[in-house]
Amino acid sequence: MTTESTESTGTDDRFRVDDSFHVFDTTLRDGAQREGINLTVADKLAIARHLDGFGVGFIEGGWPGANPRDTEFFARARQEIDFRHAQLVAFGSTRRPGAKASEDPQVKALVESGAPVVTLVAKSHDRHVELALRTTLDENVAMVRDTVSYLREQGRRVFVDCEHFFDGYRANPEYAKSVVRAATEAGADVVVLCDTNGGMLPAQIQAVVSTVLADTGARLGVHAQDDTGCAVANTLAAVDAGATHVQCTANGYGERVGNANLFPVVAALELKYGKRVLPPGALAEMTRISHAIAEIVNLAPSTHQPYVGVSAFAHKGGLHASAIKVDPDLYQHIEPELVGNSMRMLVSDMAGRASVELKGKELGIDLGGDRDLVGRVVSRVKERELEGYSYEAADASFELMLREEVEGRPRGYFRTESWRAIVEDRPDGSHANEATVKLWAKGERIVATAEGNGPVNALDRAMRSGLERIYPQLAKLELVDYKVRILEGRHGTGSTTRVLITTADGAGDWATVGVADNVIAASWQALQDAYTYGLLRAGVEPAE
């Protein structure tokens with residue numbers, strides 16, 4: 001680690017892991033190239049703070065000078081972020097053919113960014129040099145050598161990304177290695193071998209990295225795209241072969257199908273390889289960091305992502321649950337808490353007694369070893385899932401059903417007398433949606449009518465307007481997601497509709513389910529459960 005790097009970022013060495021192994025994050029540059037991601041400067045600053053808090057060693061912020069957004073990011077990051085763990089990295093390319101590095105505008109922009117570390121992308125595939133750069137192989141090597149030397153003279157630490165390295169090595173191994181040697185001799189700290197097209201497999205990666213390491217003596221890193229679904233495996237294969245620098249993106253974001261996912265790579269290094277690549281305690285923040293970054297880029301977190309997905313430690317099969325009841329390690333490769341996640345039991349028609357008992361424990365409901373009670377719940381779940389209910393996706397509805405069996409009656413906050421929803425077609429093509437609900441709560445009969453932008457919204461508004469006076473806690477509730485699925489037909493041409501509703505109260509959210517022969521009736525069931533569960537969460541005692 002260089003003194004100028006520490007001073008220019010404000011990074012405190014007391015909070016950093018040693019320099020023998022690098023975790024390099026390129027979410028703000030390569031990850032931002034994913035289709036559907038469009039980061040503002042504020043977004044990039046927020047993500048950078050999360051990544052620094054997580055403890056990565058390097059954060060590649062973008063290409064200063066290439067666009068105003070990245071230029072502004074570097075200017076603001078220097079002023080607004082007090083980096084505790086990471087060093088900021090500017091990305092750019094080698095000088096142009098026939099030019100001087102000191103006079104190349106984009107090279108000068110890298111220096112002016114103020115970043116203590118620069119990553120240079122360099123051509124290492126002979127066909128790319130001749131067809132894309134339209135220069136000679138010797139001139140390309142000179143471009144690498146000159147640019148690295150100039151940036152080192154300016155006090156910058158330099159990493160070189162050898163673009164298309166593995167494809168180039170296959171075509172012309174001696175030329176690909178000559179680029180690695182030129183970068184190293186000119187002062188590059190790390191030469192990163194890039195699987196730019198993402199077409200390599202782990203055994204191929206390991207063989208090439210081993211050979212290049214032996215033939216050049218360079219410090220090597222790896223940058224893997226995920227086009228074969230092997231980016232994480234390829235990254236770890238490179239580590240096995242001697243690479244000591246891994247480039248990744250949060251949640252695997254990146255161009256086409258993405259990059260090596262930072263979180264499973266880091267978790268594998270820490271938990272499987274025993275490498276300390278993060279500050280103490282940082283790994284337990286991994287799930288939170290993953291989800292926070294997903295929120296910033298406005299993409300739903302992947303539920304089935306390794307380590308950090310909500311389904312990563314979810315168990316559905318009855319056989320699994322029986323074993324987990326004895327010892328969770330029998331069906332889990334690590335303790336979920338190590339990465340900030342938690343085990344979940346899913347209740348479905350595959351559930352057995354152990355699933356229900358463990359789910360009850362997870363929900364804080366003591367079933368007291370009552371075999372008859374557990375048996376009734378298991379039977380009821382299986383019967384209702386046969387009708388189309390899905391409790392693995394609706395924990396709140398399951399908890400209400402479980403409490404009903406334990407307490408011997410449903411939660412009595414309110415009772416429905418009737419409801420109706422009307423959709424009126426108008427001559428101008430518009431629609432009017434109106435709903436009327438008749439309810440009983442605390443001995444009082446309530447009749448409420450409301451309009452909405454659809455029949456379900458009208459029912460929701462009518463229900464809320466009728467009950468809020470008696471239960472003011474409902475004012476915090478907000479319907480945040482609504483899903484409809486038409487299940488397979490039954491009884492000839494008949495069909496069944498399942499509705500899943502997600503509701504939030506500012507402190508958390510929950511899902512409820514309704515099933516009926518039409519979407520409005522199914523929605524009404526899910527709404528009733530949503531309101532009932534919201535009152536339960538608020539600590540309101542049942543009125544009936």
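This report describes the cysteines, backbone exceptions, salt bridges and surface charge of a predicted model.

## Cysteines

The structure contains zero disulfides. For Cys-162, the closest cysteine sulfur is that of Cys-194, at 6.9 Å, which is too far for a bond.

## Residues with positive phi

Asn-251 is not a glycine, yet its phi is positive, at about 60 degrees. This residue belongs to the loop between β8 (245-248) and α11 (262-272). With 14% relative accessibility, Asn-251 counts as buried.

Tyr-307 is a further residue other than glycine with a positive phi, here near 70 degrees. Its position is in the loop between α12 (286-297) and β9 (314-315). Tyr-307 is buried, its relative accessible area being 9%.

## Salt bridges between helices

The structure holds 28 salt bridges. In general terms, side chains of opposite charge can pair when their charged atoms come close. One of the salt bridges joins the side chains of Arg-145 and Glu-185, with an N to O distance of 3.2 Å. This pair links distant parts of the chain, 40 residues apart: Arg-145 is in helix α6 (residues 137-153) and Glu-185 is in helix α8 (residues 173-186). Arg-145 is partly exposed, at 34% relative accessible area, whereas Glu-185 counts as exposed, at 58% relative accessibility.

A salt bridge is also formed by Glu-404 and Arg-380, whose closest N and O atoms are 3.6 Å apart. Glu-404 lies in helix α16 (residues 395-407) and Arg-380 in helix α15 (residues 371-387), so this pair ties together parts of the chain that are 24 residues apart in sequence. Glu-404 is partly exposed, with a relative accessible area of 25%, while Arg-380 is buried, with a relative accessible area of 19%.

Arg-403 and Glu-399 form a salt bridge in which the closest N and O atoms are 3.0 Å apart. Both residues lie in helix α16, four residues apart, or about one turn of the helix. Both partners are also buried: Arg-403 has 18% relative accessibility, and Glu-399 has a relative accessible area of 5%.

## Negative surface patch

Glu-424, Asp-425, Glu-434 and Glu-451 gather on the surface in a patch of negative charge. Among them, Glu-424 is placed in strand β11 (residues 415-425). Glu-424 is partly exposed, with a relative accessible area of 44%. Patches are made of residues with over 30% relative accessible area and no salt bridge, so the 44% of Glu-424 is over that cut-off.

How values were computed. Residues numbered from 1 in each chain as written. Predicted model: local features only at pLDDT ≥ 70, side-chain atom pairs only at ≥ 80, totals over all residues. Heavy atoms only, no water. Disulfide = S-S within 2.5 Å. Helix = DSSP H or I, 4+ residues; strand = E, 2+ residues; numbered from the N terminus. Buried < 20%, exposed > 50% of the residue type's maximum accessible area, 1.4 Å probe, protein only. Patch = residues over 30% accessible without salt bridge, like charges linked within 9 Å, V, L, I, M, F, W, Y side chains within 5 Å. Areas by Shrake-Rupley, 256 points an atom, 1.4 Å probe, with all protein chains shown as cover. Salt bridge = Lys/Arg side-chain N within 4 Å of Asp/Glu carboxyl O. Lys, Arg positive; Asp, Glu negative; His and termini not counted. Charge placed at Lys NZ, Arg CZ, Asp CG, Glu CD.
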